[in-house]
Amino acid sequence: MTGAASTQTFRTAIVPAAGLGTRFLPATKAVPKELLPVVDTPGIELVATEAAESGAERLVIVTSPGKESVVNYFRPAPELESALERKGKTALLEKIRRGPALLDVEVAIQKEALGLGHAVAQAEPNLTDADEAVAVLLPDDLVLPSGVLSRMSAVRAEYGGSVLCAFDIPKEQISPYGVFDVTDTADPDVKQVHGMVEKPAPEDAPSTFAAAGRYLLDRAIFDALRRITPGSGGELQLTDAVALLIKEGHPVHIVVHHGDRHDLGNPGGFLRAAVDFALDDPEYGPALRTWLTDRIEKP
């Protein structure tokens, strides 16, 4: 594991999870969106697992008042564990112990919804002097297969600065995304970033590389967040802080990820993720595949 250790450039991951989940109402009136299950595992655990597998030791969940259950999910449940143990339900016992065993989980509170940049800034007091960089994982985005954060960490080890994840999107589909202005490096999947354009028309897009919900940010991002001005709605945008770092000469790169992604932020995307994961599940997959085939053939 010597090679992996030499490219491990962060130990703390931040997950902004303070949103109200309005697109999932009425369910999110009582259950935070991040705890809705993809098959049987909440999206927040899938993201935490990705962070742990990439070498993170700590997870800071930025949440809003009233959503403490998101953090409590990662606390042990002794009474439930005892009950399952008495009944010999060892498989279920392993499942409920899985989340709390992943990494150390802390909470930061965002009292007002003032943008992604503001949410990330709330985690700064949780950091120590050892945190020279932090990973930020948006819980609405499942990036598949996992492993892109480890690749991003290796790129930071080589180039310094901040590293973002990107997907290569067909130009005619680029408009809903933040799109990077880049130049090539010696590695075809690593690009140096010179700027970013939010939701450009296809003909105005500086590239076909669009932002995904994974960031590895130099500690300097927190100083930049203090110096940017709020945009529309009074929100502090993380991309504005990254743009300021670029302007001031900080190196910023993207890693182009070849894989899939699911958007858990809306019911349609969530359903696709659930079906995708269920089809790969040895318990549910075969029967679901048969049922789906029959169902699709019906008028």
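Glu45 sits in helix 2, which spans residues 43-53; helices here are DSSP runs of H or I with at least four residues, strands are E runs of at least two, and both are numbered from the N terminus. The model is a predicted one, in which local features need pLDDT of at least 70 and side-chain atom pairs count only at pLDDT 80 or more, while totals for chains, interfaces and linings use all residues. Residues are numbered from 1 along each chain as its sequence is written, and side-chain values use heavy atoms, with hydrogens and water left out.

With a relative accessible area of 1%, Glu45 is buried (buried means under 20% relative accessible area, exposed over 50% and partly exposed in between, with a 1.4 Å probe and protein chains only). Setting aside residues up to four places away in sequence, Glu45 touches Tyr73, Phe74, Arg98, Gly99 and Leu102, where contact means heavy atoms within 4.5 Å.

On a 1 Å grid over the protein atoms alone, a pocket is an open set of points with protein on both sides within 12 Å along at least five of seven lines, a cavity is a set where a 1.4 Å probe fits but cannot get out, and lining residues have an atom within 4 Å of a point. Grid points are joined across faces, edges and corners, and a volume is the space filled by probe spheres set on the points. Of the 17 lining residues, Asp40, Thr41, Leu46, Phe277 and Asp281 are the closest to the centre of the second largest pocket. By class, the lining has 7 nonpolar, 2 polar and 8 charged residues; Ala, Val, Leu, Ile, Met, Phe, Trp, Tyr, Cys and Pro count as nonpolar, Asp, Glu, Lys and Arg as charged, and the others, Gly among them, as polar.

The largest pocket has a volume of about 1,500 Å³. Its lining comprises 47 residues, and those closest to the centre are Arg23, Leu116, Leu138, Asp140 and Asp141. The elements that each supply at least two lining residues are helix 6 (116-121), strand 10 (190-198), strand 11 (209-218), strand 13 and helix 10 (267-279). By class, this lining has 18 nonpolar, 15 polar and 14 charged residues.

A search of the whole structure finds 1 cavity of 30 Å³ or more, and the space in the largest cavity is about 50 Å³. Among the residues lining this cavity are Lys33, Gly43, Asp140 and Phe270.

Turning to the loops, His257 lies between strand 12 (252-256) and strand 13 (260-263) and is buried, at 12% relative accessible area. A polar atom of the His257 side chain lies 3.3 Å from the backbone oxygen of Pro145. Pro32, in the loop between strand 1 (12-16) and strand 2 (37-38), is also buried, at 10% relative accessibility. Beyond its neighbours within four places in sequence, Pro32 is in contact with Lys67, Ser69 and Val70.

Finally, the largest nonpolar core holds 44 residues, of which Leu59, Ile61, Leu137 and Met152 touch the most other members; such a core is a set of buried Ala, Val, Leu, Ile, Met, Phe, Trp, Tyr and Cys residues joined through side-chain atoms within 4.5 Å. A second, separate core of 36 residues includes Ala123, Leu164, Leu217 and Ala224.

How values were computed. Polar contact = N/O pair within 3.5 Å; in protein donor to acceptor, adjacent residues only side chain to side chain.
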